[in-house]
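User: Please take me through how to read the strands, the helix packing and the surface of a model.

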Amino acid sequence: MKYMFLLYGRPLPGPGTAEELEMYQAYGAATQAMAEAGVLIDCGPLQPVVASTTVRVRGEETLLTDGPAAEIKEHFGGYTLVECADLDEALKWASTIPAARDGSVEVRPVVAMEVPS
């Protein structure tokens, strides 16, 4: 079964800082371990929340708002998509992601759907 890990945490430290380098190394190690175990499908960080645009359609009008859809303390910073035997295995891998230490990792099963031809 496929599981999506939604990574939430505080905003990234400034570019080029020792903290940023350490964080990227920790994410790299977790991702490498998942890849070597054969469970990693895809993953990626997101640009900072200030780069986001929220789209809402109300009736015939499309409304655009700079920024996130909601104000929250933890920012949605990235995702990891894995394929695991069961939820227990997915939770084990989610616990290796650095966001779990100072933020949170939301684990959701992905609904299997056929892509229309």
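Analyst: The turns below go from sheet to hairpin to surface. This is a predicted model, where local features need pLDDT of at least 70, side-chain atom pairs count only at pLDDT 80 or more, and totals for chains, interfaces and linings use all residues. Residues are numbered from 1 along each chain as its sequence is written, and side-chain values use heavy atoms, with hydrogens and water left out.

User: What is the strand order of the open sheet?

Analyst: Helices (H or I, at least four residues) and strands (E, at least two) are DSSP runs, numbered from the N terminus. Two strands pair if DSSP finds at least two bridges between them. Here 4 strands form an open sheet in the order 2-5-1-6, with antiparallel pairing. Strand 2 (40-45) and strand 6 (104-109) are the edges, each pairing on one side only.

User: How many bridges join strand 1 to strand 6?

Analyst: Antiparallel strand 1 (residues 2-9) and strand 6 are joined by 6 bridges. Leu6 stands opposite Glu106 in strand 6.

User: Which strands does helix 1 touch?

Analyst: Contact means heavy atoms within 4.5 Å. Helix 1 (residues 18-37) packs on the sheet and touches strand 1, strand 2 and strand 5 (75-83).

User: Which strands form a hairpin?

Analyst: Strand 3 and strand 4 do, with 2 residues between them. In the turn, Gly59 has a positive phi of about 65 degrees. Thr54 has Thr65 in strand 4 as its bridge partner. Val57 also lies in strand 3 (residues 53-58).

Terms used: Axes fitted to C-alpha atoms, helices over the stretch in contact; angles between N-to-C directions.
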